[in-house]
Amino acid sequence: MVQDVDLNKVVRQHLEMEGFFAGFAVRGKPRCEGSSSSESVASEPVAVSGSSCVDTPRSEVQMPRRTTPADVVKELEAIAAEARECRKCGLGGTRTNAVPGEGSPKTRILFVGEAPGADEDAQGRPFVGRAGQLLDKIIEACGLKREDVFIANILKCRPPENRDPRPDEVVSCLPFLQRQIEILNPEVIVALGAHAARTLLNTNQGIGQLRGEFQEYCNGIGRPPIKLIATYHPAYLLRSYTPDNRRRVWEDMKKVLVELGLPVPERGKGA
Ligand code: URA
């Protein structure tokens, strides 16, 4: 618990500082009219919920998004290439492969996990181990395919022995995910597990408190927040595969489907 408190504090302080100083610096062009270089995306101020997030409704965003699907793919590839070269924290020296994330550039749903495990580290792809197989089933139970959504993690590299991410690792790595969120602009983020939910919502609350209702991910100053639902991590679900836990995950996913106006299959098949 002590580590969680420190982690959130360190991440929040870092991001507030970044957001504050970015507001004063001329670091790249405004992002619109198809301009989506990694520099311009990366350089926009970042805010976290509960701090300097300006809650702008989508209709009031000043700059209309004219980013084309090709721009999104290009930017996602640029982010992935940077993540693969990254040495900002010690994990750059211990990983086999970075795991930037993968999926549809047109996704309406972004799933965010904690960090790659051994299978993901070996393949450079997110959620390909046992937890990933369960995540695939959850996605399929929603009437979707893995290729329809985007899957990423808070950390792009595997912490040795799958230990919890350290604050400096999250601080170094989070900008990759923030840029992915910004360019993908999903309608809903599904935070898988306490670590992803706490980091994205900048809170120390437990997953039991965070799940079950939509929360808001602050997508930076001047941009509207994105709806976020937290649910149990598939690895936790595997360990505690009880009817109650499965029902809770399904309830969370049903909320996502309703929010997106997608048909809700009668009951979750597979998961
Ligand atoms: N667990 C995660 O949080 N992410 C993965 O990619 C795999 C397992």
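Guide: Accessible areas come from the Shrake-Rupley method with a 1.4 Å probe, and for residues only the protein chains shown count as cover. The protein here exposes about 12900 Å², of which carbon and sulfur atoms supply 50%. This is a predicted model, in which local features need pLDDT of at least 70 and side-chain atom pairs count only at pLDDT 80 or more, while totals for chains, interfaces and linings use all residues. Residues are numbered from 1 along each chain as its sequence is written, and side-chain values use heavy atoms, with hydrogens and water left out.

Visitor: How many helices and strands are there in the protein?

Guide: Helices (H or I, at least four residues) and strands (E, at least two) are DSSP runs, numbered from the N terminus. The protein has 11 helices and 6 strands.

Visitor: How is the packing of two helices to be read?

Guide: Two packed helices are described by the angle between their axes and the distance between the axes. Axes are lines fitted to C-alpha atoms, for helices over the stretch in contact, and angles run from 0 to 180 degrees between N-to-C directions. Here the axes of helix α3 (residues 69-85) and helix α7 (residues 167-184) come within 10 Å and cross at roughly 175°. Angles under 35 degrees count as roughly parallel, over 145 as roughly antiparallel, 65 to 115 as roughly perpendicular and the rest as oblique. The helices α3 and α7 are therefore roughly antiparallel to each other.

Visitor: Which residues of α3 and α7 meet?

Guide: Contact means heavy atoms within 4.5 Å. From α3, V72, E75, L76, I79, E82 and A83 meet F176, R179, Q180, I183 and L184 of α7.

Visitor: Is strand β2 mostly covered or exposed?

Guide: Buried means under 20% relative accessible area, exposed over 50%, and partly exposed in between (1.4 Å probe, protein chains only). Strand β2 (residues 109-113) is mostly covered, with 5 of its 5 residues buried. From β2, I109, F111 and G113 point one way, L110 and V112 the other way, and all are buried.

Visitor: Which strands pair with β2?

Guide: Two strands pair if DSSP finds at least two bridges between them. Strand β4 (residues 188-192) pairs with β2 in the parallel sense over 4 bridges, and V188 in β4 is the bridge partner of I109. Strand β3 (residues 150-153) also pairs with β2 in the parallel sense over 4 bridges, where F150 in β3 stands opposite L110.

Visitor: Where does N245 lie?

Guide: N245 belongs to helix α11 (residues 243-259). N245 is buried, with a relative accessible area of 5%. Leaving aside neighbours within four places in sequence, N245 is in contact with Y232, Y236, L237 and S240.
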